[in-house]
Amino acid sequence: MGKKIIQINESEYNSILRQVVAVIENSKATIAKNINIGINTTHWNIGKLLHDKKLESKHGSGVVNRLSVDLKQMYPEMGVSPRNLWDYERFKESDEKLRHAVAVLPWWNTLKLMSKFGDNDEAIMYYAQETVRKGWNRDLLLNAIKMKVHENQPVAIDNNFEKTLPATQAAYANEVFSSSYNLGFLGVTEPIAELELERRLVEKVKLFLLELGKGFTFIGNQHILECNGKESKVDLLFFHRGLHCLVAMDLKIGEFRPEYAGKMNYYLSLLDRLERREDENRSIGIILCAEKDNLEVELALEDMGKPIGVADYQLIIPKEELKKVISDEMESYEKDKQLEQEEE
């Protein structure tokens, strides 16, 4: 007898696909992370050896210069310039949390952060954590540094996660979601309608996912939820593999209004009842507005039973800030070029 063919509906298949993709992506991330940890451990051990031998930059330059020449012949693919060898001991006395944060970064990223921020552990910590959380590549890290985003860090997102989610998941959700997003990549220079904003986000969904951070899978826009003969549409629907839940996003071109929270609460009830699987966590809703008043958000979410967050967005970089970004980029071009030459 032939094997029985199991029939599944589209929703079940999509759920299986999401879980398989999550397994693959998680494995890829783990392998890359372990490689970086291994490389960085080598660097830290070299730095420790130099430190233990009491070789300091003022007195040990001759030894380190000779080391650099010999090591380049033996390991031409490894960055062992004299400057890099001194850099290896940079974090020997730093806070353990900072050492762990930079340990998973590619060594190029670590060198870049050291060259830009010197002894500013707080700035290095911020960019190291954001690089891992959002999966920044070299270009995205450089852009973030040039825009000095660490000087204007958003506060924790306005939400009710602590009241509606288990403590561990609530803490993780606060790490995943930001209170503000920069949508400058959309190229918006004049007021647009909500559907037009949604259309542009969907067209550039890859860039939007990078802005949201690691772990998001885009399911669709204007996602239909049908119940009791009526249809409701979620502007944007995602799945987050780390939180293991559906994430509904509602886009608003104006300021936040309390009624938006009630509408999102209803959407989440429908998602949990119609599409959430037994092995998935509660769906989370994010209301993305042009502006928000923190007190108004707090009052609107106070008695909501579903996990909801409110974030604002920036469509274009302010003119003065853009000028500064361009100026900083021109000034740092030669420094970046020199650093790359030294690494070679």
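Colleague: Of the 344 residues of the protein, what share count as buried?
Modeller: This is a predicted model, in which local features need pLDDT of at least 70 and side-chain atom pairs count only at pLDDT 80 or more, while totals for chains, interfaces and linings use all residues. Residues are numbered from 1 along each chain as its sequence is written, and side-chain values use heavy atoms, with hydrogens and water left out. Buried means under 20% relative accessible area, exposed over 50% and partly exposed in between (1.4 Å probe, protein chains only). By that rule, the buried share of the protein is 41%.

Colleague: How many helices and strands does the protein have?
Modeller: Both are DSSP runs numbered from the N terminus: helices are H or I with at least four residues, strands E with at least two. The protein has 14 helices, and its strands number seven.

Colleague: How do the axes of helix H4 and helix H6 cross, and what does that make H4 to H6?
Modeller: Axes are lines fitted to C-alpha atoms, for helices over the stretch in contact, with angles from 0 to 180 degrees between N-to-C directions. The axes of H4 (residues 96-103) and H6 (residues 121-134) come within 9 Å and cross at roughly 40 degrees. Angles under 35 degrees count as roughly parallel, over 145 as roughly antiparallel, 65 to 115 as roughly perpendicular and the rest as oblique. H4 is therefore, relative to H6, oblique.

Colleague: Which residues of H6 make the contact with H4?
Modeller: Contact means heavy atoms within 4.5 Å. On the H4 side stand Lys97, Leu98, Ala101 and Val102, and on the H6 side Asp121, Ile124, Met125, Ala128 and Gln129.

Colleague: Is the pair of tyrosine 126 and tyrosine 127 stacked or edge-to-face?
Modeller: Rings of Phe, Tyr and Trp (its six-membered ring) pair if their centres lie within 6.5 Å; planes under 30 degrees apart count as stacked, over 60 as edge-to-face and the rest as tilted. The structure holds eight such aromatic pairs. In this one the centres are 5.2 Å apart and the planes stand at 80 degrees, so the pair is edge-to-face.

Colleague: What is the relative accessible area of tyrosine 127?
Modeller: Tyrosine 126 counts as buried at 12%. Tyrosine 127 is also buried, and its relative accessible area is 0%.

Colleague: How far apart in space are glutamate 302 and lysine 163?
Modeller: Glutamate 302 is found in the loop between helix H13 (294-301) and strand S7 (308-314), and at 42% relative accessibility it counts as partly exposed. In sequence, glutamate 302 and lysine 163 are 139 residues apart. In space, C-alpha to C-alpha, they are apart by 8.9 Å.
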